[in-house]
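Please keep the sequence and the structure in view while reading.

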Amino acid sequence: MTTGEKSRSRGEVLSEAPFRQLADHLPTLCFIADRDGRIMWCNRRWHDFTGVPRDADPERAWPQVHDPVSLPDIRERWHEAVKSGLAGDAVISIRSGSGEFRPFLTRAEPVRTAEGEISCWLGTMTDITEQREAERDQRFLIALNDALRDELDAARIEQAVDALLRGHLGVEGIAIIDVEEDDGAGGDGGIRIPLFTHGAVAATFHIRTGTPRAWRPTELRLIEEAVERTWAALERATAERARRESEARQRAIVEATPECVKIVAEDGTLLYMNGAGLRMIDAEPEQASGLHVPALVAADHRARWMEQHRRVCAGEAAAWEFDVVGLQGNRRRMETHAVPLPAPDGTMQQLAVTRDVTERHAAEERLRASEALLAGFMKNAPVGMYLKDAEGRYLMLNPEMAKVFGRPIGEVIGRTAAELFGAEQATMIAAHDRRILERRMPERVEEFLPDLDAYGWSLVVRFPVLVEGEQARIGGFDIDLSERKRAEAELARSREMVFQSEKLTALGSLLAGVSHELNNPLSVILTLSQLLEAQAQGTPLGERAAKIRAAAGRCAKIVQSFLAMARQKAPVRTRVDANELIHAALDLASYGLRTAGIEVVQRLDPALPPLDVDSDQLSQVLLNLIVNAQHALEESDGTRTLVISTEAVGAHGNDRRRGMVRITVADNGPGVPAEIRHRIFEPFFTSKPQGVGTGIGLAFSLGVVEAHGGTLRLVEDAPWRQGACFVAELPAATGAMPKVAAPSPIVPPNDRASALVVDDDRDVGEALAELLADEGYDVELACSGQEAKTRLCQRRYDAVLSDLRMPDMDGRALFDWMTDQLPDQLARLAFVTGDTLGASSRSFLARAGRPVLEKPYDMESLRGLLHALHAPGKADARAVSP
């Protein structure tokens with residue numbers, strides 16, 4: 001092509017001013033070549049980058065801006081493209097105006113005429129420096145990961161990172177300096193990055209360059225990533241080294257201990273035993289492998305060992321003693337403390353050590369999840385999860401957390417607790433959030449949000465979310481405790497009920513034991529006083545005997561009340577006037593009240609309806625309340641007043657037709673402290689000083705009143721601003737009181753009937769014999785079951801009254817012997833006992849089906865027993881008591 005043609009062609013190409021203007025503003029470098037491949041024009045970006053003047057001939061300047069090393073290859077490839085007429089691309093290094101070569105992705109496209117001939121070539125050149133650097137950085141990070149993945153030696157980790165950074169960034173080297181050794185010196189143009197552990201600076205990562213250096217942002221980001229991965233690897237290596245050292249120390253301790261340490265599988269196979277244990281069973285290490293431990297346990301201890309082993313494998317800790325027989329036949333006693341040890345396969349093993357329990361710490365579990373896994377976890381998690389910014393606005397929460405607010409997630413995002421909860425709850429939540437941001441430590445706290453069914457009570461776990469260079473955020477888990485709190489409250493109520501029941505049972509057993517010990521002497525006193533009263537009737541001695549009998553009878557009633565309460569026996573009720581019982585109780589307590597300077601005010605309703613109650617039991621209740629008031633008043637100064645009142649009230653309101661009798665005992669003493677008001681009716685609980693109260697009076701009183709269908713309570717509306725006020729309400733009597741039929745006159749089978757009394761307590765037996773003699777019986781006394789057996793073999797008796805509990809041959813054995821040897825005389829057998837409370841006694845008496853006379857007894861109860869013996873078809877197992 002001639003110069004003129006070239007000029008015309010170039011002019012034609014460049015005549016399009018809009019095209020040139022567009023090309024000049026493109027972000028890439030552009031050029032135009034003629035159909036033979038000569039460069040005819042370059043855009044302004046090309047000239048700006050290369051520094052070639054815009055009026056210079058681009059064809060001449062073109063070779064000067066290329067890398068001279070690769071220029072021949074570029075020319076060859078360009079000529080081949082022009083020759084073939086096909087578009088092509090290549091990466092070409094172009095020198096900038098500052099002399100720096102940078103890679104460009106260059107592409108040339110042919111422009112064809114309508115006839116399909118090439119008129120010119122259009123080319124673009126895109127700077128791919130950053131892309132190349134990113135690829136190089138990625139290869140560096142991959143190499144770094146490969147170097148750190150399985151390395152646990154801190155020195156080798158540091159060496160590997162040092163070599164990689166030297167090669168990639170051209171630095172002089174790195175150093176990781178402990179915070180105590182870091183003097184802050186530098187000044188070499190390098191970089192110092194703090195390394196954190198648990199929120200505190202633990203070390204400094206120092207990159208040395210030797211001379212000041214301008215770092216590109218991509219290089220700084222790469223360094224941060226490399227440092228973070230290096231520190232994570234070092235911390236992992238430190239933790240693993242600590243773990244291995246800990247395991248080594250534990251192994252050394254176990255092997256050095258002079259006591260046996262062993263691990264036993266669930267099937268009894270010995271998995272491990274230390275040297276001391278091997279010596280205990282006379283075994284070498286190679287002999288211990290696979291031993292069946294139960295086979296080493298002595299035969300007489302094996303069953304118990306297996307039982308305890310099953311308990312441990314079921315999850316319990318246990319301690320017991322057993323004998324082992326070693327492989328050489330030596331028998332040893334081992335005191336073992338064992339705890340369950342989970343096995344990798346999911347079964348449970350026994351970890352045992354003599355005398356000491358060694359706790360094993362499980363290794364820390366680590367969980368790493370990607371953002372996709374976290375999103376899925378939050379969506380399906382059964383607990384509330386959320387993320388808030390430092391101002392308390394919710395940035396993220398899962399569907400479970402939305403239940404706390406009772407709103408869709410979209411209505412919660414961007415709002416604070418103050419916009420979602422009441423003022424009190426919002427203030428509490430804000431205080432917790434501030435503490436998290438200040439302390440930079442996780443926190444667990446139970447929170448209560450009223451008016452919520454689910455998440456009313458919740459365990460909230462808050463923790464700081466720290467991202468370098470960003471404002472701290474607050475993450476949290478919200479675990480619903482509402483059901484557990486309700487279950488715990490119900491469990492506490494159930495435990496309290498069981499506790500009260502156990503204490504009442506203990507109280508009953510105590511009273512029953514005391515009562516039983518009093519039965520025999522009271523029987524003697526009642527019997528002899530009754531005989532003495534009859535014999536000395538009309539004389540002063542007879543009057544004294546009557547008083548002894550009345551007092552003993554009252555004691556017997558009290559004993560029977562204790563026994564009735566212990567065995568939950570219904571009280572013996574008679575129709576009584578509550579006012580008269582109050583007078584009687586005040587008479588008994590008059591001396592103590594008078595000497596304590598207590599004024600007694602009685603406000604008794606004269607028209608009070610009667611009560612159907614056990615008068616002795618209710619008298620004891622009234623006396624307990626009066627004595628308690630006396631003790632309380634003795635602690636107060638000033639006027640001491642006790643007010644006792646009665647009134648008839650309706651079961652609901654003041655309707656006397658459905659009446660209740662209310663008895664109020666109030667005093668102006670110090671009262672009952674609020675913190676113990678709920679416990680005053682508990683057995684053995686007392687607020688009195690040691691030696692003054694037993695703690696059973698109010699518990700006994702409550703039991704008696706409730707047994708009569710009434711209530712006993714401590715009320716707050718006392719007549720005074722202070723003091724205690726107890727109110728007992730009992731059902732008023734309705735209808736006629738049923739009369740107890742007196743036993744019919746006893747008609748012995750002969751003019752002078754015979755009786756045999758069997759009792760190992762001679763005094764009790766002789767007293768009973770005297771009563772029977774007074775009733776017209778010829779009486780013989782046997783002081784043991786064996787003696788009774790001998791007498792029964794010699795003759796027949798019209799009545800045989802035997803004690804139940806005797807040392808050599810008791811009443812139970814006597815009954816069984818008579819059933820076998822003298823069945824025709826069983827109809828005349830009855831039992832006399834003070835032990836009707838024990839389970840074995842009740843069971844036997846029910847089986848025997850014979851009448852029972854309960855100690856202490858009087859003449860009337862004895863006559864009732866004799867009537868039951870002699871009346872045809874009436875000899876059942878009823879207990880006859882005074």
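At 55% relative accessibility, C793 counts as exposed, whereas C260 is buried with a relative accessible area of 1%. Here buried means under 20% relative accessible area, exposed means over 50%, and partly exposed is in between (1.4 Å probe, protein chains only). A disulfide is a covalent bond between the sulfur atoms of two cysteines. With the cut-off that the two sulfur atoms lie within 2.5 Å, a search of the whole structure finds zero disulfides.

The model is predicted: local features need pLDDT of at least 70, side-chain atom pairs count only at pLDDT 80 or more, and totals for chains, interfaces and linings use all residues. Residues are numbered from 1 along each chain as its sequence is written, and side-chain values use heavy atoms, with hydrogens and water left out.

**Salt bridges**

Side chains of opposite charge can pair when their charged atoms come close. A salt bridge is counted when a side-chain nitrogen of Lys or Arg is within 4 Å of a carboxyl oxygen of Asp or Glu. The count comes to 40 salt bridges, including those in this table.

| Pair | Closest N and O atoms |
|---|---|
| R38 and D36 | 3.4 Å |
| K388 and D433 | 2.5 Å |

R38 is partly exposed at 28% relative accessible area, and D36 is partly exposed at 41%. D323 is buried, with a value of 8%. Because D323 lies in strand β11 (residues 318-325) and R333 in strand β12 (residues 331-342), their pair ties together parts that are 10 residues apart in sequence. The pair of K388 in strand β14 (residues 384-388) and D433 in helix α17 (residues 423-439) ties together parts that are 45 residues apart in sequence. Both K388 and D433 are buried. Salt bridges with shared partners also join D300, E321, D323, R331 and R333 into one network.

Helices (H or I, at least four residues) and strands (E, at least two) are DSSP runs, numbered from the N terminus.

**Strand β8 and its partners**

Which strands pair with β8? Strand β6 (residues 173-178) runs antiparallel to β8 and is joined to it by six bridges; G173 stands opposite R208. Strand β7 (residues 191-197) also pairs with β8 in the antiparallel sense, over seven bridges, and P194 stands opposite T204. Two strands pair if DSSP finds at least two bridges between them. β7 and β8 form a hairpin with two residues between them, and H198 in the turn has a positive phi of about 55°.

V201 is placed in β8 (residues 200-208) and is partly exposed, with a relative accessible area of 38%. Together with V179 and F196, V201 makes a nonpolar surface patch of about 240 Å². Such a patch is made of residues with over 30% relative accessible area and no salt bridge, with nonpolar side chains (Val, Leu, Ile, Met, Phe, Trp, Tyr) joined within 5 Å.

Helix α22 (residues 697-707) has L698, A699, F700, S701, L702, V704 and V705 as its buried residues. Just after α22, G709 takes a positive phi of about 80°.

R850 is found in the loop between α26 (839-848) and β30 (852-854). R850 counts as buried at 9% relative accessibility. The side chain of R850 reaches the backbone oxygen of L826 at 3.1 Å, and a polar atom of that side chain lies 2.9 Å from the backbone oxygen of L829.

Methods
Patch = residues over 30% accessible without salt bridge, like charges linked within 9 Å, V, L, I, M, F, W, Y side chains within 5 Å. Areas by Shrake-Rupley, 256 points an atom, 1.4 Å probe, with all protein chains shown as cover. Polar contact = N/O pair within 3.5 Å; in protein donor to acceptor, adjacent residues only side chain to side chain.
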